Protein chains: 2
Amino acid sequence: MDFVWKGHIIDSLDRHSLRVRENSYLVCQEGRCAGVFDVLPEQYRNLPLEDFGDRLIIPGMTDLHIHAPQFAFRGLGMDMELLDWLNTHTFPEEAKYRDLDYARRAYGQFTAHLRRSETTRACIFATVHVPATELLMEQLEASGLVTYVGKVNMNRNGPLYLIEPSTFQAVRETRQWLEETAARFDRTKPILTPRFIPSCTDDLLYRLADLRAEFGVPVQSHLSENLGEIAWVRELVPTAKHYGDAYRKFGLLGGDYPCIMAHCVHSDEAELELLRENGVFIAHSPESNMNIASGVAPVNRFLDLEIPTGLATDVAGGSHESMFRAMTHAIQASKLRWRLLDQSVAPLTFDTAFYLATRGGGAFFGQVGAFDPGYELDALVLDDGNLDHPQPLTARERLERLAYLGDERNIHGKAVAGTRLF
Amino acid sequence: MDFVWKGHIIDSLDRHSLRVRENSYLVCQEGRCAGVFDVLPEQYRNLPLEDFGDRLIIPGMTDLHIHAPQFAFRGLGMDMELLDWLNTHTFPEEAKYRDLDYARRAYGQFTAHLRRSETTRACIFATVHVPATELLMEQLEASGLVTYVGKVNMNRNGPLYLIEPSTFQAVRETRQWLEETAARFDRTKPILTPRFIPSCTDDLLYRLADLRAEFGVPVQSHLSENLGEIAWVRELVPTAKHYGDAYRKFGLLGGDYPCIMAHCVHSDEAELELLRENGVFIAHSPESNMNIASGVAPVNRFLDLEIPTGLATDVAGGSHESMFRAMTHAIQASKLRWRLLDQSVAPLTFDTAFYLATRGGGAFFGQVGAFDPGYELDALVLDDGNLDHPQPLTARERLERLAYLGDERNIHGKAVAGTRLF
C-alpha cells in the first residue's frame, strides 16, 4: 500500500478544469495519496518506485449506477422505452438469479469485466434474491473493487415469478441480508435498494426507512427517468408534491444517510431543490437515457445548484461498462440537449465529463476520485500505444482521445485504495 | 473470386427487416453473390468451402462520408461547433498534407485502420493537395477496399496557407488529378469534392460542373449541417432558394451523375424534394452531428421520401472509423431527436440502422450491401467469442450486441468484391 508511480499524471481540479502534471511522481502511503511531485521528496525515496514512462496516470472512476444482473443482456433489445423494456427483457432475466449456478456464472462475467474496466468504485443493483446478492458481494470483494451492492426490493407491479410475495417476507429477507453483510466484507457494503416507487408498496417503503435508520446504510433508487413513470408515480402517491417528494415522504430521502438517485432527467426545480437540500447524489446515465429514449438530464444545471453529481453506465440500459464511453455519451447527449431543447444549459465539456467520472462520483465514497493529499488512492495507468498518430500529442490530448477511442486494452494498470489489481 | 462460406448469414432485406439464415452457404462466383442456400446446390460443390462454424457472416459496410486527413486528430478537440472547429483543428491539420512524408505516414495509418474495420466501401475526402491525394489513392488501391476519393476544392474563406490561390490553379490541378486518376486504378476512383459552398467561389463551382460533365465523375459535398453555415450560404448565394438549390444552380447537383451530400440535418421540405428528384444520396453522420452540436437528421423522413440514404462516420467530426459505432450512434441520436424535438419522425430501429450501413449506402456503388444474387460480394466474418454471456443467444441478438459492444477484434475475416482481405 506504499509506493511511488511515475508518469504523466492527470486529475480533475474542479468541474471546469483538469490538472496535468507531466513526468511527475504520485506517492501512495497506507492506501492514500501523499501528493504529486515534480521532484520526489527525500522522505519517499525508500518507497518502491515504478516508472510508467510515457504512460498516463489518472484517478480510478466511479460508476454510480449499474445493474449487475443486466450485464448478461447488455447491448440487446434496445428498441423499447423503459416500462416495456423492464417487462420484456429485464424482469425475465433477473428472475434467473434465483438459480445460484446461473448467478455464479453470470456475476462472474460481470465482475471480471468490471475489474478490467476504468471503474474502481461502483454502486450496484443486484436482484431481489438474497443468496445471489451475497454471492455477488463475495465475488466483488475478491475482485479488489470497492462497491456498494443492493439486494433489490420490489413487491408490486412486477411479474409474480420475480417480485417479493409480501411486505413481511421482503422486510425479513432484507433484514437478514443486512445482518449478514453489514460488517462481513472490507470493500463491499450493502445499500438499501427499493427498485423505484412503482415497484414497492407504501408499507414496504416505510419499513425500508426503518431498516435504513436501524442499520445506518445508504439508499439508492431511480428518480424521474421517464415521463410515463413520472405520471404513474403521481397516481400511486397522490399526496406527494413530486416524485422525489414521494421518497422523502416514506423516509428514504434526506436525513443523515447518503442517497443516490439515478437519472433525474425530468426533475423540476422543486425536486432539484429537495435533492440539493439533502445532499442527494445524482447518477447521470447518459447512454441509458438515450437507449431507452428517456431524454437528457441537465447536468450543468445540477452542478450550478451544487447537487453532488457523478456519472453512471447503467448497464443494461447502457450497453457498456466503460466509463470512458459514459463520458463521451454524456458530452454528446448534452450537446443534443443544448441544440434541440434548451440553450440555457451549456453542453458538457471534456473537463466536466472527466470531473463527473472521477471526483464527482468519487465523493460518494468519501475522499475519492482525485490525487489530493489524503485521498484514497484509486488510479489507472493508461497506455495508448495502439492508437497511432502521425505526430506528438500533449498528455491532455491523449486523455481526450482515450475517452473517445480507448477500451480495456488501454488500461495497463489499476490500483484501488492503494492495492494494485493488475 | 469463387468460393463458398458457411456460417450464420445475416443481411438486410429492406429498411424494416433483417434476413437471418443460420447454418447456410454463401456462394461467391466471379466476385458476385450467387445466392445463399440451406443446402449447397450440386453445381457449387467443387468450389473451395470455408466453414466458419458458429460465426456470423454479414455484408461489408459502406462509409458514405469520411475525411482521411482528419483521422490524425480523431477524438480530439470536440468542444466546438462546426465553423470554429474547422478553423482551429481541421484546416491546420489539413495543411500538413503538403508534405508527402507526413501524408504517407498519416494516410498509411488511416488506410490500415479502415482496412481492419467493418468498412468495405467508402467515399473519402482528401485535401486540396494533388500529390498527397494520389498517394492516398495508391494506398487505398493496395488495401483492397473499394473507394471514391476526392481532392478537395476550396479557394475562399479558408486560411491562405491552405486554400487554392486562384480558380485558375484550382481547375488546372483538379483537371490534372482527374486525368491522372480517372482510369488508373481498379478499385479507387476520383470524385469531385468542393468542400462546401462557403469554401468555393461561384466561378470555381461552375468550372467544377464543367469538369464533372467532361469526366463523368460523381460529386460529394456537405449540405445543411449547421445553422450558422446555412445562414452564411444564404448570404453568399442570395439567388438560391435554399442551400441545396445553390449546388443545383452551379450545376453540381442533379443531372445524370451520382451525388452524395453529407448531413442534411436542417434540410427543409423543398431541399429534400430537390434531393429526392435527383436521386442524391444523403450521408447520415450521427456521431459527427452530435460531437459538433449540429443536431440530428430525420432519417426515417428521408427513407419515407425514398431519398437514398446511407451511414457515415465522418471522421473526425466523428471520432471513430467503426461503422458499428455509427449504427448505434444513429439509433441513439434518433431517439433523442424523437424525445426532445419531433415525435412525428420515429426513432431508428436496429434493423433500419443495419440497412443504412449495408444496403442503403452500398447502393451508391451499384449492387452492393446485401447477399442478393448478382450483388458484388462484400462480406465480414464476425467472431463474438470475447463477448461472454451466460446463456445462448440467437444470431440476430449476437449481431445487435456486436454493434453495441464490438470492435475490430471481432472482425475475423473480410472480403471485398469477392477478394479476401484477411
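The legends below describe close-up views of a predicted two-chain model.

Residues are numbered from 1 along each chain as its sequence is written, and chains are lettered from A and ligands numbered from 1 in the order in which they are written.

**View 1. The two chains and their relation.** Two copies of a chain are related by a rotation about an axis and a shift along it. Here chain B is superposed on chain A by a rotation of 180 degrees with 0.0 Å of shift along the axis, at an RMSD of 0.0 Å. This is the relation of a two-fold axis. The same surface serves both copies, since 100% of the contact residues of chain B recur in chain A. The superposition is by least squares on the C-alpha atoms of residues with pLDDT of at least 70 in both copies, and contact means heavy atoms within 4.5 Å.

**View 2. The annotated domain of chain A.** The UniProt record, an unreviewed entry, places the feature "domain: Amidohydrolase-related" at residues 57–418 of chain A. UniProt positions are given in the numbering used here, feature names are shortened, and annotations may be inferred rather than shown by experiment. Over residues 57–418 the chain is 43% helix and 15% strand, and the end C-alpha atoms are 14 Å apart. Helices (H or I, at least four residues) and strands (E, at least two) are DSSP runs, numbered from the N terminus.

**View 3. An open parallel sheet in chain B.** Four strands of chain B form an open sheet in the order E5-E6-E7-E9, with parallel pairing. Two strands pair if DSSP finds at least two bridges between them. Strand E5 (61–67) and strand E9 (188–190) of chain B are the edge strands, each pairing on one side only. On average, neighbouring strands of this sheet are turned by 20 degrees against each other, direction ignored. Helix H2 (residues 100–116) of chain B packs on the sheet, where it touches E5 and strand E6 (119–125), and its direction makes about 145 degrees with that of E6(B). Axes are lines fitted to C-alpha atoms, for helices over the stretch in contact, and angles run from 0 to 180 degrees between N-to-C directions.

**View 4. Bridges within the chain B sheet.** E5(B) and E6(B) pair in the parallel sense over five bridges, and B:Met61 stands opposite B:Thr119 in E6(B). Five bridges also join E6(B) and E7(B), again parallel; B:Cys123 has B:Tyr148 in E7(B) as its bridge partner. Between strand E7 (residues 146–150) of chain B and E9(B) there are three bridges, in the parallel sense, and B:Tyr148 stands opposite B:Lys189 in E9(B). Seven of the seven residues of E6(B) are buried, so this strand is largely enclosed by the rest of the structure. Buried means under 20% relative accessible area, exposed over 50%, and partly exposed in between (1.4 Å probe, protein chains only).

**View 5. Nonpolar cores.** The largest nonpolar core has 127 residues, and B:Ile124 and B:Met327 have the most contacts inside it. Such a core is a set of buried Ala, Val, Leu, Ile, Met, Phe, Trp, Tyr and Cys residues joined through side-chain atoms within 4.5 Å. A second, separate core of 126 residues includes A:Ala72, A:Leu86, A:Ala122 and A:Leu356. Leaving aside neighbours within four places in sequence, the contacts of B:Ile124 include B:Ile66, B:Phe110, B:Leu136, B:Val149 and B:Gln220.

**View 6. A hairpin in chain A.** Strand E2 (residues 17–29) and strand E3 (residues 32–37) of chain A are antiparallel and pair over five bridges. A:Tyr25 has A:Phe37 in E3(A) as its bridge partner. Two residues lie between the strands of this hairpin, and A:Glu30 takes a positive phi near 50 degrees.

View 7. A:Ser285 is placed in the loop between strand E13 (281–284) and helix H9 (286–291) of chain A, and is buried with a relative accessible area of 0%. Not counting residues up to four places away in sequence, A:Ser285 touches A:His65, A:His263, A:Ala312 and A:Asp314. A:Ala312 is found in the loop between strand E14 (309–311) and helix H11 (323–340) of chain A, and counts as buried at 1% relative accessibility. Beyond neighbours within four places in sequence, the contacts of A:Ala312 include A:Asp63, A:His65, A:His284 and A:Ser285.

How values were computed. This is a predicted model: local features need pLDDT of at least 70, side-chain atom pairs count only at pLDDT 80 or more; totals for chains, interfaces and linings use all residues. Side-chain values use heavy atoms; hydrogens and water are left out.
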